[in-house]
Amino acid sequence: MSVDVPRRIVLLRHAKADWPQVADHERPLADRGRNDAPLAGRRIAEAGLTPELTLCSTALRTRETWKLVVHELPRRPKTVYEERLYDAPVGQLIEVINETSDDITDLLVVGHNPGMHGLADALAGEADEGAKERMDRGAFPTSAFAVVTFSGSWKSVEIGCGRLTSFWAPHE
């Protein structure tokens, strides 16, 4: 596949998590999260986003979010559970994305804040009308996702390389 093809990155923040007396990595979804995650999945499907690969943090709340989202998609993408996405800064998130095979056109990343918001903001050298304002207004709430497009190899993903084309949050 040519490296000049248009590519999309869907950055999905995990659904609302509960706060039981467990390690942060093992926090499960709250009831609201279990309700919102399928909404995000339906919205991803309705938007015509068809990830071929999903990179998901190993935290329990991200894995539970992904299991609820994926059931709403028209087809199940390959899923890789990636430890480096947990509590990752923007630079580390970009490093993980840079490892994606150029056979992949659409990538979905399920992660945490502030990483998802920071990454969407960092990658978006440009933004479609209203997308950045909607994203920044709500501070990238749980179950929200941003879509960034770019052309080139996954190895070329860097700050400012893309265009923020859409942002969705469940309670806007």
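**Close-up 1. Phe140 and Phe167 as an aromatic pair.** At 0% relative accessibility, Phe140 counts as buried in this predicted model, and Phe167, with a relative accessible area of 5%, is buried as well. The structure holds 3 aromatic pairs. In the pair formed by Phe140 and Phe167, the ring centres lie 5.2 Å apart and the planes stand at 65°, so the arrangement is edge-to-face, the cut-off for that class being an angle over 60 degrees. The two residues belong to distant parts of the chain, 27 residues apart, with Phe140 in the loop between α5 (131-138) and β6 (145-151) and Phe167 in strand β7 (residues 162-168).

**Close-up 2. Packing of helix α1 against helix α2.** Helix α1 (residues 31-46) and helix α2 (residues 60-70) pack with their axes 7 Å apart and at an angle of about 50°, which makes α1 oblique to α2. The crossing in which α1 passes α2 is right-handed. On the α1 side the contact involves Arg34, Ala37, Pro38, Ala40, Gly41 and Ile44, which meet Thr65, Leu68 and Val69 of α2. Sorted by class, the residues of this contact between α1 and α2 comprise 6 nonpolar, 2 polar and 1 charged.

**Close-up 3. Packing of helix α3 against helix α4.** The axes of helix α3 (residues 90-98) and α4 come within 9 Å and cross at roughly 75°, and the two helices α3 and α4 are therefore roughly perpendicular to each other, a description that covers angles of 65 to 115 degrees. From α3, the residues in contact are Val90, Leu93, Ile94 and Ile97, while α4 contributes Gly115, Met116, Gly118, Leu119, Ala122 and Leu123. The contact of α3 with α4 contains 8 nonpolar and 2 polar residues, and no charged residues.

**Close-up 4. Packing of helix α4 against helix α5.** Helix α4 (residues 115-123) also packs with α5, here at an angle of about 155° and with the axes 11 Å apart. The helices α4 and α5 are therefore roughly antiparallel to each other, since the angle is over 145 degrees, and their crossing is left-handed. His117, Ala120 and Asp121 of α4 make this contact together with Lys132, Met135 and Asp136 of α5. By class, the contact of α4 with α5 is made up of 3 charged, 2 nonpolar and 1 polar residues.

Methods
Residues numbered from 1 in each chain as written. Predicted model: local features only at pLDDT ≥ 70, side-chain atom pairs only at ≥ 80, totals over all residues. Heavy atoms only, no water. Axes fitted to C-alpha atoms, helices over the stretch in contact; angles between N-to-C directions. Helix = DSSP H or I, 4+ residues; strand = E, 2+ residues; numbered from the N terminus. Parallel < 35°, antiparallel > 145°, perpendicular 65-115°, else oblique. Left-handed = near helix turned anticlockwise from the far one by under 90°. Contact = heavy atoms within 4.5 Å. Nonpolar A, V, L, I, M, F, W, Y, C, P; charged D, E, K, R; others polar. Phe/Tyr/Trp six-rings, centres within 6.5 Å; stacked < 30°, edge-to-face > 60°. Buried < 20%, exposed > 50% of the residue type's maximum accessible area, 1.4 Å probe, protein only.
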